[in-house]
Amino acid sequence: ISNPPSAVVSTQSTGICILLVVLCRTMPFIKVVKTKAYYKRYQVKFKRRREGKTDYYARKRLTLQDKNKYNSPKYRLVVRKTNTDIICQIAYATLQSDRILTAAYSHELERYGAKVGLTNYSAAYATGLLIARRALKKLKLDSVYLGQTKPEGKHFIVEEKDGERRPFHVLLDVGLNRTTTGAKVFAAMKGAADGGLDIPHGKEMKPFPGYNSQSHKFDSRVLRKYIFGGHVSEYMKKLREEDPDAYKRQFSDYIKNKIEPEQIEALWLKVHAAIRKSPDAVLTKKPENPVHKRYRPVKKNNKQRKDRIKQKLSALEKAGVKV
């Protein structure tokens, strides 16, 4: 047909569409086969990227130093948290590896009087304060830059003093932690900043408790409450009144150490004072000949196995069981 009517054309196109749909439904899945050239040119990602441990986009910007500063290290305040500890390290990168200038752990706070709550917000702040005072003492700057001796939860950045060495400048390395408002990594940063380290952070105080995202205002009293464990104290009082059994179960370590909710702020004030007085690390004494625990049973020799069989047989005979 040279000029078919429009009705015939539409019928033909509809039939073709139906045929295509049927073929798509009945055809098997076709795997996209990559060529040999693709695999020859493929380059795997770094190992720690494959393991999901390092954010190399952030690491590149935290470690690369300006070329006009030559071999000056670029220091990072590395904050990591586990289920039982908060770890703070001041590190810098070299071509071979990262080097650690100094480190502090929240389990060290037991020496300063904090026996419980070693992973909460207050402990993160105290650990940051500890590493700041420890690093400045190592660099002989502890008497020059005292930091914020009476923390009120307000924005604070240490200022350079005339005729003195500049403040020790570090950058916060949060790793893969979520940078949400109220995160503990920022509590450690705040403790280090109040301890006298120069850590750049915004005046808006967005990462800290007390910031309202709707009104865009910050209440420093809320942050101060968190620094001195006020949020823990409030919850303890509430739980003690509403459910005494849950209080005894959840705060058993506090009860064991005879710590009441009203004493928590005074406790953290003493911890801060003790850290400023003596921030030095104390090496733990390890036994010369430690006896390691064996969780797997010791393998028996042939004689011991045969003796074990005889013991079982004699035990069955005494019980009157015929073997």
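Contact here means heavy atoms within 4.5 Å. With that in hand, let's walk through this predicted model, starting from a tryptophan.

**The core around Trp268**

Trp268 touches Leu109, Ala114, Gly117, Asn120, Ser122, Ala123, Ala126, Phe228 and Gly229, leaving aside residues up to four places away in sequence. Trp268 also belongs to the largest nonpolar core, a set of 60 residues. Together with Leu77, Ile90, Leu109 and Leu197, Trp268 is among the residues with the most contacts inside that core. Helix 5, residues 121-138, gives the most to this core, contributing eleven residues.

**A buried histidine**

His201 sits in the loop between helix 6 (184-194) and strand 5 (211-212). Its relative accessible area is 14%, so His201 counts as buried, the cut-off being under 20%. The neighbours that His201 touches are His155, Phe156, Ile157, Met189, Ala193 and Phe208, again not counting residues up to four places away in sequence. A polar atom of the His201 side chain also lies 2.8 Å from the backbone oxygen of Ile199. For a sense of distance, His201 and Ile275 are 74 residues apart in sequence and 24 Å apart in space, C-alpha to C-alpha.

**Strand 1 and its partners**

Strand 1 (residues 76-81) pairs with two strands that you can pick out in the structure. Strand 2 (residues 86-93) runs antiparallel to strand 1, and six bridges join them. A hairpin of four residues connects the two, and Val78 stands opposite Gln89 in strand 2. Strand 4 (residues 171-173) pairs with strand 1 in the parallel sense, over three bridges. Here Arg76 has Leu171 as its bridge partner.

**Salt bridges**

The count of salt bridges comes to 16.

| Pair | N to O distance | Relative accessibility |
|---|---|---|
| Lys69 and Asp66 | 3.7 Å | Lys69 41%, Asp66 42% |
| Arg76 and Asp173 | 3.0 Å | Arg76 4%, Asp173 10% |
| Lys137 and Asp280 | 2.9 Å | Lys137 34%, Asp280 36% |

Arg76 and Asp173 are both buried. The salt bridge between Asp173 and Arg76 links distant parts of the chain, with Asp173 in strand 4 and Arg76 in strand 1, 97 residues apart.

Lys137 and Asp280 also meet in a salt bridge. Lys137 lies in helix 5 and Asp280 in the loop between helix 11 (264-277) and helix 12, so this pair ties together parts that are 143 residues apart in sequence. Lys137 is partly exposed, as is Asp280. Salt bridges that share partners also join Arg59, Arg76, Arg80, Asp98 and Asp173 into one network.

**Helix 12 and its ends**

How far apart are the end C-alpha atoms of helix 12? They are 25 Å apart, which agrees with the 24 Å that its 17 residues (302-318) should span at 1.5 Å a residue. Just after the helix, Gly320 takes a positive phi of about 85°.

Technical notes: Residues are numbered from 1 along each chain as its sequence is written. This is a predicted model: local features need pLDDT of at least 70, side-chain atom pairs count only at pLDDT 80 or more; totals for chains, interfaces and linings use all residues. Side-chain values use heavy atoms; hydrogens and water are left out. A nonpolar core is a set of buried Ala, Val, Leu, Ile, Met, Phe, Trp, Tyr and Cys residues joined through side-chain atoms within 4.5 Å. Buried means under 20% relative accessible area, exposed over 50%, partly exposed in between (1.4 Å probe, protein chains only). A polar contact is a pair of N or O atoms within 3.5 Å; within protein, one must be able to donate a hydrogen and the other to accept it, and residues adjacent in sequence count only if both atoms are side-chain atoms. Two strands pair if DSSP finds at least two bridges between them. The expected span of a helix is 1.5 Å times one less than its number of residues. A salt bridge is a side-chain nitrogen of Lys or Arg within 4 Å of a carboxyl oxygen of Asp or Glu.
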